[in-house]
Amino acid sequence: MGVCWGPVVRVLVLQAAWALGGGQVRYSVPEEAKAGTVVGRLAQDLGLEAGEPEARRLRLVAQGRRASVEVSGASGALVVSSRLDREELCGKSAPCALRLEVLVERPLRVFHVELEVTDINDNAPLFPAARKNLSIAEFTTLPGSRFPLEGASDADVGANAQLSYTLSPSEHFRLDLQKWNERNIVPDLVLTKPLDRETMPVHRLVLTASDGGRPSLTGTMELVISVLDANDNAPQFNQSVYKVQLPESAAEGTLVARLNATDPDEGINSEVTYTATHFFPLSGRDVITVNPNTGEIRLTGALDFEEVSIFDFRIEARDKGTPPLSGHCSVELEVLDVNDNAPEVWVTSLSVPVPEDAAVGTVVALLSVSDRDSGANGRVRCAVRPAAPFGLVARLAGSYSLVLREALDRERVAEYEVEVRAEDGGAPPLRASRGLRVPVSDVNDNAPAFAQAVYTVLARENNAAGAELARLWARDPDEAGNGRVSYSVAEGGGGGGGGAAAGGGWRPASSYVSVDAESGRLWALQPLDYEAVQVPQFEVRAVDAGEPPLCGNATVQLFVVDENDNAPALLAPAGVGPGPGAAVSAASGPVSGALWAWAAWGAPAGQVVAKIRAVDADSGYNAWLRYELWEPRGKGPFRVGLYSGEVSTARALEEADGPRQRLVIVVRDHGEPARSATATLSVSLGEAAEAALAAAGSSSSSPGAGLRPAAGTEAGATAASSTNVWLVVAICAVSSLFLLAVVLYGASRWAPRAAVLSGPGPATLVCASEVGSWSYSQRQSRSLCVADGAGKSDLMVFSPNFPAPPGPAAKETQPEPPALPDTVVDGIPGQ
């Protein structure tokens with residue numbers, strides 16, 4: 001409007017006040033300030049140091065309408081960004097205050113800035129029309145008669161909108177200002193001297209309206225006054241002001257009021273027509289109309305309390321006289337608020353995803369809530385659904401923070417659908433909601449866990465290198481790298497079950513087993529040897545790829561199942577008792593070649609001549625030995641105990657049997673296929689005295705040693721007592737291992753989470769007993785049992801492929817092995 005700003009523009013900081021939980025800064029700026037005008041040092045008023053506004057991303061949050069200001073990123077100042085028009089922003093409302101929200105990140109904070117746009121005198125007064133026509137009867141219109149004029153309006157507020165009126169000089173008229181109400185002053189034209197149409201039929205006056213601005217702006221309206229003859233009584237209303245209240249929900253066509261003006265004249269001079277004029281605001285013309293004949297005022301449009309709460313207008317009642325006379329009244333229509341606006345919810349900031357280890361109280365989102373209604377209809381309550389794990393914290397009026405109330409667990413809930421509900425206080429209340437998707441990001445808070453704490457794996461010895469033994473699997477509920485598991489064999493142990501002793505020392509597990517890092521497939525690096533190690537135990541570790549990585553362990557017990565890969569080894573035979581003509585001898589250690597013994601002619605049937613002893617490095621059936629007389633065939637004078645190895649007379653010896661008998665004895669195990677060893681025993685026959693003398697000669701060199709290797713050397717004659725001592729030691733050791741195995745079996749049987757992963761083929765435990773024999777394994781076993789009802793008991797662990805029961809020749813002196821049970825306990829058949 002021609003206003004020059006230049007250096008006149010200045011920005012006033014009205015107030016910088018801080019409150020607990022967040023500050024509010026108030027600034028003031030005149031409208032029409034040029035773009036780039038500094039409103040205030042926002043960053044400094046918020047307590048930010050130099051450089052922090054840009055680093056912490058100081059910014060404004062838009063809330064539905066253009067703010068016309070922005071934050072300078074470098075300096076942190078609040079500057080004008082576009083044209084500020086107070087009338088466009090706030091209309092006639094005063095003061096004109098814009099509420100702004102300012103966000104500061106890292107950490108996230110919210111500040112409220114109130115920007116007052118002050119009015120300048122940039123709008124001149126404006127009359128509804130440039131010309132006003134009046135008709136005044138001559139003479140009949142007495143001095144002092146008043147003629148209301150339509151006042152001007154000014155879009156400014158305050159002093160800039162305070163209007164004053166002046167009238168061009170006239171001897172017949174003067175201007176009188178009437179205070180219509182607290183908001184409006186209207187001018188009345190007052191007749192000061194009777195009119196004379198013949199002297200001056202038309203009076204032309206200029207009504208000037210000036211506002212209170214500096215400099216003052218003016219507007220004009222021309223008054224054209226026609227002097228008529230006359231009608232000397234004007235219509236009159238029964239009251240000068242009518243006040244009406246209607247709810248904003250009133251429908252189109254609703255009756256506002258019914259007015260009636262009376263005219264004491266008669267005839268055409270008393271007929272009245274009604275006209276609505278002087279609307280304030282002018283938009284009342286679109287929603288209010290009056291019936292010209294009846295005076296009924298009705299709605300022709302919709303009311304909106306949020307747009308206009310009060311309509312002021314005048315009703316003119318004009319008769320049909322010549323000239324016509326008119327009467328006037330004022331109507332004030334107050335619009336009552338109804339709850340016709342639902343709350344509105346805006347998300348001003350959203351920080352997602354939320355890490356599952358986020359602390360309670362973490363701010364997830366910032367929300368703004370508003371309702372255009374007033375009073376109780378505009379009071380809004382907010383809630384969040386579901387009620388956990390998030391909650392709402394009220395900051396200032398209409399502002400909320402969505403915060404974390406409970407700890408999160410991504411493995412339980414990976415994403416939340418949060419709904420913020422707003423409800424006003426109307427009757428009935430109106431509601432609105434805003435949905436938020438809050439994903440939860442993973443942290444490495446779960447270690448890999450195996451299905452069992454202990455895995456039992458069965459594998460046959462002499463397995464091929466690279467053979468798969470088992471597959472292990474550990475579960476990690478985390479995602480991506482935090483849940484990606486790799487497997488490895490933990491160093492620190494590998495022996496077990498006698499492996500250290502038999503194998504010549506401790507061996508790390510990684511020397512004979514390996515696990516695939518990705519699949520958990522466990523395989524053998526080299527063939528296993530039962531005679532070297534029976535039950536190696538080691539740990540498999542599962543490690544995830546998180547930061548820091550977490551791990552879990554499982555123990556693997558690898559039971560090596562024996563194979564028949566060792567043939568029986570012969571020991572020097574031991575005599576079993578001094579019988580008539582029987583030689584008593586003892587030896588220790590493996591032997592080879594022919595053996596010999598003494599026997600007397602006339603020895604009765606059943607006389608034990610010698611005892612063949614053998615051992616097998618295998619175990620179970622593979623180490624269970626039987627003895628067969630291979631030569632001579634047929635009915636010879638000697639026989640061999642099937643399981644005892646005792647060589648005894650089958651009948652009484654005679655001189656016809658000759659001076660010497662050569663016996664070939666085969667020792668076989670029960671493996672599949674069976675392995676064997678052959679012993680040649682030479683029995684010298686003679687008189688009882690000669691046999692005793694031979695025995696005595698043998699005893700002189702080595703006490704009790706009468707049965708010797710046929711080679712005739714003294715090196716093979718070791719004391720029988722030495723052999724017996726070693727047998728006793730072996731028996732004690734095997735018994736101790738048996739007790740230990742029973743305890744371990746019980747523990748593994750009832751231990752939680754123990755499992756068996758069997759390799760190819762089952763293993764079978766068999767308990768056998770024999771009479772007069774002691775066949776044993778040189779190795780330990782963790783799965784043992786004791787046979788009942790036998791004079792001598794063997795502790796035996798057999799493989800599942802055991803041979804058929806011995807033939808008829810063996811049945812006459814030895815029992816058959818017991819039947820194998822079919823049950824499986826802890827994955828090992830036969831227990």
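Predicted model: local features only at pLDDT ≥ 70, side-chain atom pairs only at ≥ 80, totals over all residues.
Numbering runs from 1 along each chain as its sequence is written, and side-chain values use heavy atoms, with hydrogens and water left out.

So, the overall picture. The protein chain has seven helices and 56 strands; those are DSSP runs, H or I of at least four residues for helices, E of at least two for strands, numbered from the N terminus. There are 831 residues in the chain, and 47% of them are buried. Buried here is under 20% relative accessible area, exposed is over 50%, and partly exposed sits in between, with a 1.4 Å probe and protein chains only. For contacts, meaning heavy atoms within 4.5 Å, take the pairs at least 6 apart in sequence: 69% of those join residues at least 24 apart. The chain exposes about 39000 Å², and carbon and sulfur atoms supply 53% of that. Those areas are Shrake-Rupley with a 1.4 Å probe, and for residues only the protein chains shown count as cover.

Now the inside. A nonpolar core is a set of buried Ala, Val, Leu, Ile, Met, Phe, Trp, Tyr and Cys residues joined through side-chain atoms within 4.5 Å. The largest one has 28 residues, and the members that touch the most others are Phe237, Leu259, Ile288, Ile297 and Ile315. Several strands each put at least two residues into this core, including strand 17 (241-247), strand 20 (272-280) and strand 24 (326-336). If you click on Ile297, and skip residues up to four places away in sequence, you'll find it touching Leu259, Ile288, Phe313, Ile315 and Val331, among others. Apart from that core there's another, of 27 residues, with Ala43, Leu78, Cys96 and Leu98 among them.

Over to the surface. Val347, Leu350 and Val352 form a nonpolar patch there, with about 190 Å² of accessible area together. Patch residues have over 30% relative accessible area and no salt bridge; like charges are joined within 9 Å, nonpolar side chains (Val, Leu, Ile, Met, Phe, Trp, Tyr) within 5 Å. Leu350 belongs to strand 25 (residues 344-350) and is partly exposed at 36% relative accessibility.

Next, salt bridges: a side-chain nitrogen of Lys or Arg within 4 Å of a carboxyl oxygen of Asp or Glu. That rule gives 26 of them. Take Arg381 and Glu423, which meet at 2.5 Å, N to O. Arg381 is in strand 28 (residues 380-385) and Glu423 in strand 31 (residues 415-424), so the pair ties together parts 42 residues apart in sequence. Arg381 itself is partly exposed, at 48%.

Then there's Glu468 with Arg471, closest N and O atoms 2.9 Å apart. Glu468 is partly exposed at 32%, whereas Arg471 counts as exposed at 52%.

Another pair is Arg668 and Glu628, at 2.8 Å from N to O.
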